[in-house]
Amino acid sequence: MAKYRSIVVLTGAGISAESGIPTFRGADGLWEGHRIEDVATPEAFARNPRLVHQFYNMRRAALKTVEPNPAHKALARLEQAFDGEMLIVTQNVDDLHERAGSKNVLHMHGELRKAWCLGCDGRTRWEEDIHETSRCPHCAREGRLRPDIVWFGEIPYQMDRIDEALSGCDLFVSIGTSGNVYPAAGFVALVRHFGRAHTVELNLDPSECSRMFHETRHGPASQLVPAFVEEVLGP
Ligand code: BV8
């Protein structure tokens with residue numbers, strides 16, 4: 001019987017790194033060879049939709065070549081075995097949490113495997129490439145589809161639901177995020193403000209927010225997360 005009643009887990013690119021998905025802050029500061037401003041903003045899409053479609057098509061296709069790692073699987077086990085509430089808020093746009101078996105997953109920055117029609121506002125599961133000529137399955141308009149991704153300068157999804165979960169949790173765990181991008185990077189400060197939860201950071205290196213956590217553990221997620229889950233579930 002775990003001593004916690006409500007767990008919120010925030011995940012970032014680091015939890016998917018050992019599955020082979022590159023993190024954002026690679027050594028060269030480029031993201032798969034591109035600057036953020038050229039591929040992950042609404043202005044970039046307006047300026048060069050072909051480049052942005054290419055960037056997301058390549059990442060969507062790469063999803064077919066990767067698998068969940070022990071960290072994703074440990075979180076799925078925690079959700080299944082834990083007798084309280086649990087929510088994973090992920091900054092990641094991959095589907096590895098779901099493929100590991102997690103059910104209660106909130107993609108605050110959208111999902112690679114979804115398309116959003118700017119003609120009818122319809123969202124659709126989308127596994128293949130999106131092109132400027134792709135047709136919306138809802139309204140049949142051509143050339144109005146974009147990746148269902150929250151770009152820089154856009155408002156993340158379900159912020160009210162996230163705020164509510166953060167205010168009510170008694171355990172907040174941040175896994176594999178550098179704490180560079182807001183509002184996600186501000187979640188630990190919000191949790192500390194509410195004053196109820198124990199806060200833990202599991203990350204390869206210290207993040208921008210490490211000092212905000214009661215506890216920080218450094219190492220690969222595939223080792224830290226399974227061990228932490230066993231501790232939370234207790235003997
Ligand atoms: C918003 C989808 C308003 C795209 C993404 C100045 C100051 C503060 C904020 C801003 C500012 N200027 C602009 C802003 C706002 C901006 C922002 O924060 N910019 C940053 C660059 C300063 N934010 C926004 O625009 C957001 N919108 O603010 O709207 C608003 C907000 C709230 C309410 C109302 C209005 C929208 C941001 C979303 C952008 N979209 N993703 C896509 O994926 O294609 S963000 C994208 O980058 C990711 O989703 C993720 O969120 C972020 C990368 O962060 P991480 O996941 O942390 O990845 P990173 O590579 O940085 O770190 C990986 C970590 O893992 C490292 O620490 C590493 O040590 C660790 N690691 C590596 N390997 C392992 C590991 N850990 C464990 N095991 C391992 N094996």
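**Entry 1: the six-stranded sheet**

I began with an open sheet of six strands, in the order β3-β2-β1-β7-β8-β9, and I noted that the pairing is parallel. The model is a predicted one, and I kept that in mind throughout. Next I looked at the edges. There I found β3 (105–107) and β9 (215–218). Each has a single partner strand, so one side of each is left without a neighbour in the sheet. Neighbouring strands here are turned by 15 degrees against each other on average, direction ignored.

Five bridges join β7 (residues 171–175) to β8 (residues 198–203), and the two run parallel. In this pair I located Leu-171, which stands opposite His-198 in β8.

What packs on this sheet? I found α5 there, touching β1 (6–11), β2 (85–90) and β7. The direction of α5 makes about 155 degrees with that of β2.

**Entry 2: α5 against α9**

I followed α5 (residues 70–81) to its packing with α9. Two packed helices are described by the angle between their axes and the distance between the axes. For α5 and α9 I noted an angle of about 15 degrees, with the axes 7 Å apart. Angles under 35 degrees count as roughly parallel, and α5 and α9 are therefore roughly parallel to each other. Their crossing is left-handed.

I listed who makes the contact. From α5 the residues include Pro-70, Ala-74, Leu-78 and Ala-81. From α9 they include Ala-221, Val-225, Val-229 and Leu-233. How do the residues of this contact divide? I wrote down 12 nonpolar, one polar and two charged.

I stayed on α9 (residues 221–233) and picked Glu-231. Is Glu-231 buried, partly exposed or exposed? Its relative accessible area is 47%. Buried means under 20% and exposed over 50%, so Glu-231 is partly exposed. I also checked Glu-231 against Cys-169. They are 62 residues apart along the chain, and their C-alpha atoms are separated by 18 Å.

**Entry 3: the three-stranded sheet**

I turned to another open sheet, where three strands lie in the order β5-β4-β6 with antiparallel pairing. The edge strands are β5 (123–125) and β6 (145–149), and each pairs on one side only. Neighbouring strands of this sheet are turned by 40 degrees against each other on average, direction ignored.

Four bridges join β4 to β6, and the two run antiparallel. Gly-110 has Ile-149 of β6 as its bridge partner. Last, I found α4 (residues 49–62) lying across β4 and β6. Helix α4 runs at about 55 degrees to β6.

Technical notes. Residues are numbered from 1 along each chain as its sequence is written. This is a predicted model: local features need pLDDT of at least 70, side-chain atom pairs count only at pLDDT 80 or more; totals for chains, interfaces and linings use all residues. Side-chain values use heavy atoms; hydrogens and water are left out. Buried means under 20% relative accessible area, exposed over 50%, partly exposed in between (1.4 Å probe, protein chains only). Two strands pair if DSSP finds at least two bridges between them. Axes are lines fitted to C-alpha atoms, for helices over the stretch in contact, and angles run from 0 to 180 degrees between N-to-C directions. Contact means heavy atoms within 4.5 Å. Angles under 35 degrees count as roughly parallel, over 145 as roughly antiparallel, 65 to 115 as roughly perpendicular and the rest as oblique. A crossing is left-handed if the near helix is turned anticlockwise from the far one by less than a right angle, and right-handed if clockwise. Ala, Val, Leu, Ile, Met, Phe, Trp, Tyr, Cys and Pro count as nonpolar, Asp, Glu, Lys and Arg as charged, and the others, Gly among them, as polar.
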